[in-house]
Amino acid sequence: MEPIIAIVLALIGYALGSTKIINEGNAAIVERLGRRHRTLSPGLNFIVPLVDQIVMEDTTREQFIDIKPQNVITKDNIYLEVDAILYWRIREIEKSFYAIEDLQGALTQLATTTLREVIAQNTVEETNVTREEMNRSILGQLNETTANWGVEIIRLDIQRITPPESVRKTMEEERAAEFKKRALISEAEGERQAAIKKAEGTMTSIQIIAEALSSNPESKEILRYLVAQDHINASYRLGESQNAKVVFVDPGKSGELMKEVIAESANTEGNGKMSGE
């Protein structure tokens with residue numbers, strides 16, 4: 001009876017030792033007698049106890065490495081402090097285990113070196129303007145190397161580019177000057193448009209009055225009355241101020257002057273129409 005129990009226990013132990021469950025998102029490398037044998041995929045797997053050995057199990061999901069702030073010299077000899085995050089994932093777990101000793105350490109060093117080289121090819125202004133282009137350039141260079149390690153670099157995000165205080169102050173002053181310049185241009189353009197609209201309105205008013213006078217001579221008396229009334233109102237407004245000097249103008253003469261101007265405009269327009277016909 002005891003030998004049977006021993007055999008049963010041995011079989012149970014063998015079954016348990018040969019069964020390996022790999023979680024979803026992971027992969028494992030099996031060596032047989034010290035040599036690479038196969039890769040275990042997620043799910044239930046069986047190996048030969050004492051002969052096969054799992055030497056590595058790692059995730060194939062996306063991972064990240066925080067690149068600590070680095071001091072970098074730009075093309076125009078300015079020291080910058082650059083901070084970035086590297087996102088990567090394992091594509092071929094065999095290469096990631098056999099081709100490189102310390103994968104994460106190698107990725108950190110490679111990303112840091114490449115980041116410095118790319119920024120050193122740009123000026124301070126270019127590093128702020130062409131940040132997306134730098135990210136793409138760094139990504140391409142990294143993947144050329146990491147492909148041999150079975151790793152894909154998904155993206156490199158440059159979080160902060162911090163220039164010295166003096167450089168930062170100069171850049172802020174330049175931006176403020178640029179904003180002020182744009183505001184002045186916008187204001188000048190608005191004044192120009194307003195002047196054009198006002199001139200167009202005045203021209204239209206004169207044409208309407210000229211046409212009314214030419215078609216109805218009785219309108220001249222109405223116009224003379226309105227001009228006189230306008231002068232009287234202006235005199236009252238000036239008189240409301242104690243320090244104001246009141247200057248009275250003869251409404252009759254002003255009306256005659258306005259009548260002559262409008263009549264001249266009407267005659268000019270009439271002559272223009274006759275010459276056009």
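Analyst: A polar contact is a pair of N or O atoms within 3.5 Å; within protein, one must be able to donate a hydrogen and the other to accept it, and residues adjacent in sequence count only if both atoms are side-chain atoms. This is a predicted model, in which local features need pLDDT of at least 70 and side-chain atom pairs count only at pLDDT 80 or more, while totals for chains, interfaces and linings use all residues. Residues are numbered from 1 along each chain as its sequence is written, and side-chain values use heavy atoms, with hydrogens and water left out.

User: How many helices and strands does the secondary structure of the chain have?

Analyst: Helices (H or I, at least four residues) and strands (E, at least two) are DSSP runs, numbered from the N terminus. By that count, the chain has 8 helices and 8 strands.

User: At the start of helix 3, which residue has the backbone nitrogen that a side-chain oxygen of Asp102 reaches?

Analyst: Helix 3 covers residues 103-120. At its start, the side-chain oxygen of Asp102 comes to within 3.3 Å of a backbone nitrogen, that of Gly105.

User: What length does helix 3 reach from its first C-alpha to its last?

Analyst: The expected span of a helix is 1.5 Å times one less than its number of residues. Helix 3 has 18 residues, and the expected value is 26 Å. The model comes close to this, with a reach of 26 Å.

User: Which strands are among what covers the buried residues of helix 3?

Analyst: Buried means under 20% relative accessible area, exposed over 50%, partly exposed in between (1.4 Å probe, protein chains only). The buried residues of helix 3 include Leu103, Ala106, Leu107 and Leu110. Their cover includes helix 2, helix 4 and helix 5, and also strand 6, strand 7 and strand 8.

User: In which sense do strand 6 and strand 7 pair?

Analyst: Two strands pair if DSSP finds at least two bridges between them. Strand 6 and strand 7 have 9 bridges, and the sense is antiparallel.

User: Is Gln63 buried or exposed?

Analyst: Gln63 lies in strand 6. Contact means heavy atoms within 4.5 Å, and Gln63 touches Leu86, Tyr87, Trp88 and Gln104, not counting residues up to four places away in sequence. Because its relative accessible area is 16%, Gln63 counts as buried.

User: How far apart in space are His37 and Ile54, C-alpha to C-alpha?

Analyst: His37 sits in strand 3 and is partly exposed, at 35% relative accessibility. In sequence, 17 residues separate His37 and Ile54; in space, C-alpha to C-alpha, the distance is 9.8 Å.
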